[in-house]
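Please read the points below with the sequence and the model side by side.

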Amino acid sequence: MKHISLFKYGLTVLSLLCATLTFAQNAPFTGKVVDENNQPLPGAVVRVKGTETATATDVSGAFRINSTQQAIVITVSFVGYDVAEKSLIANQPLNIQMQPNSKSLSEVVVVGYGTSRKSDLTGAVTNLGTKDLNPGPITNPLQQLSGRAAGVTITQTGSEPGASPSVRIRGITSLIGGNDPLVVVDGVQGNMDLLKQVPPSEIESVDILKDASATAIYGSRGAPGVIIVTTKKNKAGKTSVEYTANASVDVLTRELKELNANQWWEQAQLYNVPASSNHGSSTDWAGLLTQTGSTQNHTVAFGGGADKFSYRASVTGVLQTGTVIHSNYKNYIGRIQATQKALDDRLTLTMNLNSGVNDANFSPASVGRAAFTSNLYNNVYVARPTDPVLNPDGSYYTDPNVFQYINPYAVANTIVNKTHEDNMFGTLRADLQLTKGLTAGWFGSWRRINGNSGNYLPAMSTISTAVDNKGIANINNYHTDEKLNDISLNYKTDFGKHHLDAVAVYEYQIQSYNGNFAQAKGFINDIATYNALQLGDITKVTPGDFSSYKNDRKLVSYIGRINYSYNNRYLLTASFRRDGSSVFGVNHKWGDFPSASLAWRVDQESFMKDQRIFSTLKLRGGYGITGNQQGLYPQGSIPLVGSAPPVFFGGELISNFIASQNANSDLRWETRKQTNLGVDFGLFNDRLLGSVDVYTATTDNLLFNYSVPQPPFPYGSIQANVGSMVNKGLEVTLSYQVIRNNTTSLTLAGNATLLKNKVLNLSGSINGVPLNTNYVPRGGNSYLIEGYPAGVFNIIKHLGKDATNSETVIDQDGNGIIDQGDRSPDRVIAGQATPKYTFGFTPSFSYKNFDASMVWRGSGGNKIYNAIRANLSYFENLGKANVLQSAVPLGLYHSQYGSDLWLEDGSFIRWENLNLGYRIPISNSKYISSVRFSVTGNNLLLITKYTGADPEISTDGNNTTGIDNGIYPRTRTVALGLNVVFK
Amino acid sequence: MKKILTSILIIGLAAQSCTKVNENVYDKYSSKEFYASPQGADVALANVYSQVGGNWNGVGYAGADNGWYDLNSFSSDEQVIPHRRTGDWQLDFAQLYQRQWLPSMGIISNTWNWLYKSVYTANLAVDLLETSKADPAKIAEARVIRAFFYYLLIDDFGNVPFYTDNNITVDKLPQVDRKTVYDFIVKELTENVDKLSETKGGEYYGRFNKWAGYALLAKVYLNAEVYTGTPKWTECLAACNKIAQGGFSLHPGAANPASPLGYQYYELFGDKNPTDETILSMFVTVDIVSRNILTIRSLNGPNFNAVYGFSGWNGSIIPQEFYEKFADNDIRKKQFLIGAQPGGVNYTAEVSSLDDPGAFPDEGVRDTKFVPVLPMNGGGASNDFPIYRYADIMLMQAECNVRLGNAPAAKPFVDAVRQRAGLGALGADPTLIDVYNERGFELNWEGHRRQDMIRFNTFTLAHGFVPAVGDFRKLFPIPTSALNTNTNLKQNPGYN
């Protein structure tokens, strides 16, 4: 009996329990989870706080939870969105709108051959999501990063349509080995031009790998840093159709101020310029060559997905009309991405196809008289304001009394300079789960570029070589084919408090290049431009008028990485890569690139439990070795015989051949050893978030064309690995949420970078032969000198002027001779060409459906050699050219020096971007779920002491770094943006 | 576990097939294979001649700018490029004329680098031809042309690095005194000139045949006293007499409306140098092999444009003092332009300033010795350039005779050259000054003047409006770039 009663009692309890459940079912908590566009978010996880109860939203974003409570608190989480916490009252459905992640330590970061939670990162990586990218009329994804990431300098020199900005991660790492970071777009590895194929509005995230412990996984391509772009994918169970557009008006900002016709004549008389040089017109050359430009950017994107399948497709058009007449750019990109699961979800196949077409009409890049060559636009500053544009008969005016006279308006109107490129890449990734935790992967990518550029200089362009040859036409065809194939094994396991994630990859890359060039001269008219070279004059064929080439490079890599963590507190990442590359000398085909880094999540420690200040605290430290090879061209190490102009021998012209380079079988990659220490912190419940990184990176085996003694070398330089250079830096990123509530948020964010570069050594020996390279001129008085930053200015000091108004300079060594040789004691060190610091300030504000954001950025500590100002300041040129208004007070007639009179402070602060947006939520439309309007202003304000057109000139570390030879005009743009999300 | 092993196996297999990273070359020849072929050895010799043609970047013997020709011409009294008040022309050329050059001057390092690349190329040719057991005449030719480059090196720089094996490393590369290199040159020439072909023109146009070889030997002997302190007038005379056996004569100088400037004399400086007088030529076809800028560089833009259709460079001029030495009836004076010219320019003899503030655009007498021939463009014309011609040899014969105390024997040589130029015979036996002046008239702008001035001890004297300079200027400094890369090199005295 006792048993029975016990049984009965048990049943009662059970029925009571059932009753409770029944009661609960009668009072459900329901709601709907939507994204920032009011689109349902299926698969979002809803948890009841304080319990184990959890559910997921269905296809319509709805969820339902039962509880015995009258009110519960739930948290809703979805990848890529901030966790939302809401109170729910039974029987009162709630619409929960999720906000995409702002910066938080829980994001997923793509780290190369895998992903990592941001909280598990041990290296220096900047992760930027959609919200962190600069909005507006973007033509190149790099513009979206400008000012956003510490240690990442984006330099936009002028606003020529189709011209890409340059990017340097943690400064200049190499002299000729290549400073452009590796770009990885959805697994496709490429050079910077790969970014042209990424539609700016289709970027999901950008991850920038900065330190060696992060980039060492890319081995011999990792030294200049890595930019990983991940494009948007469709979420399973979600359909989306979206249209995004931007249209801007682009206007000129600062221009150089020249003498007008009256002022010119006034000065001309003072300087005894003969009246025959005054042709009596009043021409605004700059006005003639410029116009209001425009930029349009349209993207239609759509996608859908079911349980095992999802896809996303988009078509983008970027249309740009430049501020210099006849320069424009069009870029069309179509892409489709599909993911399919199979074999009971063990196999995931992801395919990506991307095809782009771009057409550019570039403004001629290098025209001018012998004394001054720049891009076309800057020739307007040379032209005399008193010169007419046209002759009375309608032909373009030219002055035979001026050597190599150029009529810039004729050049702009008559030169044809077109480039057309077809870009295509396709990828396939297959991941097969073999057993629990073990995945095998295969990835293949194939990228092709077929380009064609045509150039025609008619005689009427007034350019002297075109006049001499009665027209010059040429066509350049080039083809690039890049294949990559990798096989990987990935193993993940947890045992106890240990977590292990290991990956092993074998990778094979082959990149091949071929092309041809043909040129003809002497045309009887200009009708066919470069489209019919056979119409040229056969007797004008000269060596170099036709050529072709083919070469390729191979890279074979073995890659391994282990991520280990203990108790979620102590993190270790170690990677190793062995690369073999065809472009290096036989003695150094293979190189090893190891790295290791550690992190300690201090906030997870029990002793941190009771403090309220730090919500997050992580210390990181790492060391790694990376290499650099992309800047080296194939066949650089081997002695070769190439063609030379013909030689007259044996009574006739015969083919001639020439040993084209000094051989170097020791040619190898540069090795960059980098140590990074960092701390990530969140204070006051992550209201204040920040990171600080310090690093030191030394490039050894520095590739350069080192000076060798001639004799016995037939050439004065040899490409070799000899010197070393160091970069040291400090990077700080901070963001503070001043206001954070349901309706309003205000975040102040910014970053700052200090950077120190020093050339340690340029000398050494090759095969026991001592080298002595130093004081290498890089153009415009900038030099490579041991012990100084690359591109340091070493310059003669201005003193005044003499009785004939010629410039006088300081004779530093007092020997009565001004020696302008590279190592002359009359030169003094006077600042550096690259900035010492850069910073960005990116506040953002939102109130209900209104949002606003700004980007201010700047850099400083650098000098600019204002070569164009020097060129336009000597009155001896007045008879044949114009000069700047600023030349009048200087009153210099002539100078035989390039003195520090033209060396200026290059610091600046730019108000890069202001964006105001308003989202109109549309709840009652059958077709549209939301509409957002925005207004974006770009380059709204520039604060600088620099007197040139724009202080943002080349700082890429190559020749002519820090020299202003005149740029394509920099524009200020105002854009209207529209984003419509359809149902 | 089996699956893991299988996949590792697959990866291993795949990896095995693609681990080679050898370089493939598709569009060039590997130098090892190329030079091992008989064609390669021939090309190696032809390649040495490709060093002779003048081209941009200071390369070559003559015809283009910023190289050997400019260094050896503008440092003399026969031509100068003034800086112009209109801002044209850098000061290097005026500084050469004023004899104020510094070791860092680009024209000096261009010359040095060109000469040593030429030596390298010649060493390579000698080596390859000997290895492939080529025709002894070709080996001799390569050795002679190498001697030619070393002769130019000691003439400009004195004690110079010396090597004949391209595999030498710089630490084993000695800087040899001028006399030792002189001895080497003499030895190479005396051993090899007789092996050279006697063919004139045709296959040997622009090449060292036997007569060009002797002309070079004669030049070396002519300046032996400058190089070594020991004169070799007799030897020079003997070498010149050898050339006379080659059947050379002075090209006619008579008036002829079809000839450039109306005289047959100027055919010597035309498209092809006539082989009756020319011993060694530099072949030119603009933009294909070399170029000749000497006239376009001289004339003012509108003047050259009006006559030839291209804008002149308004550069090199004849200094007034030099111009005024020419007799008015000398047909060689016809090469100069002064006064009003087509294109509305008016050249004047006087030059107000060479550097600061510079000369006015029309100042200075211009030279059209090389009346431009087609093909031509704004970058020069196609006139061949005479390196050695018989008039030069005849004046050398005259000089040697005078110096050996046999002035009467010198007279016919000088008279022949004068009479061809429309002048009368000398009234008396020639003096050294007569020979020196005649060389100036006959050979102006042909690259001989600096050497002649040094030999006649006039180089450092004041002339025109430039003052006298120290004797050390008789040698150019070793360029800074060479000193920097080879710390064992010793700079010439006076330049430290």
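1. Strand β52 (residues 928-944) of chain A pairs with β53(A) in the antiparallel sense, over 10 bridges. Two strands count as paired if DSSP finds at least two bridges between them, and strands (E, at least two residues) and helices (H or I, at least four) are DSSP runs numbered from the N terminus. Within this pairing, Ser930(A) stands opposite Val981(A).

2. This is a predicted model, in which local features need pLDDT of at least 70 and side-chain atom pairs count only at pLDDT 80 or more, while totals for chains, interfaces and linings use all residues. Residues are numbered from 1 along each chain as its sequence is written, and chains are lettered from A and ligands numbered from 1 in the order in which they are written.

3. Strand β53 (residues 971-982) of chain A also runs antiparallel to strand β17 (residues 240-252) of chain A, with 12 bridges joining them. Here Ala247(A) has Leu976(A) as its bridge partner.

4. Chain A is divided into domain 1 (21-97) and domain 2 (240-632 + 667-982); the bounds come from an automatic or database domain assignment. The C-alpha centres of these two domains lie 48 Å apart.

5. Between the chains, 76 residues of chain A are in contact with 72 residues of chain B (contact: C-beta atoms, placed from the backbone, within 7 Å). Strand β32 (residues 640-649) of chain A gives the most to chain A's side, with 9 residues. β32(A) also pairs with strand β1 (residues 29-30) of chain B, antiparallel and over 2 bridges. In that pairing, Leu640(A) is partnered by Ser30(B).

6. Helix α7 (residues 136-157) of chain B has 22 residues and reaches 31 Å from its first C-alpha to its last, close to the 32 Å expected (1.5 Å times one less than the number of residues). Because 20 of its 22 residues are buried, α7(B) is largely enclosed by the rest of the structure. A residue is buried if 20 or more other C-beta atoms, placed from the backbone, lie within 10 Å of its own, exposed if 12 or fewer, and partly exposed in between. Just after α7(B), Gly158(B) takes a positive phi of about 80°.

7. The largest nonpolar core has 237 residues, and Val144(B) is among those that touch the most other members. Such a core is a set of buried Ala, Val, Leu, Ile, Met, Phe, Trp, Tyr and Cys residues joined through C-beta atoms within 7 Å. Apart from it lies another core, of 44 residues, including Val110(A) and Tyr506(A).

Notes: Contact = placed C-beta atoms within 7 Å.
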